[in-house]
Amino acid sequence: NLQGANLSDAKLQYADLRNAKLQGADLRNAKLQYANLSYAELQRADFQGAYLYKVDLQGADLRKANLQGAYLSDAKLQYADLDRTKLQGAYFYKCDF
């Protein structure tokens, strides 16, 4: 359970965080290349400026999360809940929705 955890600037490449509870976590500027966050609970998590290359967010709950300025390339977002997610300035490249 990592609810509200401060993981800003964390290096989480290849992390297996499937089904993780990260509600309200601070992931600003985190490096999450190849991380598996499928079906994770990420409500209100802050990914501002995070680097999410080839990250798996399938089925993740991103309601009210902050992805402003985040970089997402080749990310898997099928069935992710993006309701009221802040996306201003987010960069999406070759992502699957």
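**Figure 1. The surface around F97.** F97 is exposed, with a relative accessible area of 58%. The model shown here and in the other figures is predicted. F97 belongs to the segment after β3, a strand that covers residues 91-93. Together with L87 and F92, F97 forms a nonpolar patch on the surface. The accessible area of the three residues together is about 280 Å².

**Figure 2. The protein chain as a whole.** The protein chain has zero helices and three strands. Read from the N terminus, the order of elements is β-β-β. Along the principal axes, the C-alpha atoms fill a box of roughly 30 × 25 × 25 Å. The radius of gyration of the protein chain is 11 Å, which agrees with the value near 13 Å that a compact globule of 97 residues would have. Of the 97 residues, 47% are buried. The protein chain exposes about 5,200 Å², and 43% of this area comes from carbon and sulfur atoms. What share of the contacts between residues at least 6 apart in sequence joins residues at least 24 apart? The share is 0%.

Figure 3. Q33 sits in the segment before β1. Is Q33 buried or exposed? With a relative accessibility of 17%, Q33 counts as buried, because the cut-off for buried is under 20%. Neighbours within four places in sequence are left aside in this view; beyond them, Q33 is in contact with L12, Q13, Y14, Y51 and Y53.

Figure 4. D9 is not a glycine, yet its phi is positive, at about 65°. D9 is found in the segment before β1, the strand of residues 51-53. Y39 is also a residue other than glycine, and its phi is a positive value near 60°. Y39 is in the segment before β1. The relative accessibility of Y39 is 49%, so Y39 counts as partly exposed.

**Figure 5. The salt bridge between R28 and D46.** Side chains of opposite charge can pair when their charged atoms come close. The structure holds seven salt bridges. One of them joins R28 to D46, with the closest N and O atoms 3.9 Å apart. Both R28 and D46 lie in the segment before β1, and the pair ties together parts that are 18 residues apart in sequence. R28 counts as partly exposed, at 35% relative accessibility. Which residues are linked in a network of salt bridges here? The network links D26, R28 and D46.

**Figure 6. The salt bridge between R63 and D81.** The side chains of R63 and D81 meet in a salt bridge, with an N to O distance of 3.7 Å. R63 is partly exposed, with a relative accessible area of 34%. D81 is partly exposed as well, with a relative accessible area of 30%.

**Figure 7. The salt bridge between D83 and R84.** D83 and R84 form a salt bridge in which the closest N and O atoms are 3.4 Å apart. D83 has a relative accessibility of 36% and counts as partly exposed. R84 has a relative accessibility of 57% and counts as exposed, because the cut-off for exposed is over 50%.

How values were computed:
Residues numbered from 1 in each chain as written. Predicted model: local features only at pLDDT ≥ 70, side-chain atom pairs only at ≥ 80, totals over all residues. Heavy atoms only, no water. Patch = residues over 30% accessible without salt bridge, like charges linked within 9 Å, V, L, I, M, F, W, Y side chains within 5 Å. Areas by Shrake-Rupley, 256 points an atom, 1.4 Å probe, with all protein chains shown as cover. Salt bridge = Lys/Arg side-chain N within 4 Å of Asp/Glu carboxyl O. Helix = DSSP H or I, 4+ residues; strand = E, 2+ residues; numbered from the N terminus. Buried < 20%, exposed > 50% of the residue type's maximum accessible area, 1.4 Å probe, protein only. Rg over C-alpha atoms; globule rule 2.2 N^0.38 Å. Contact = heavy atoms within 4.5 Å.
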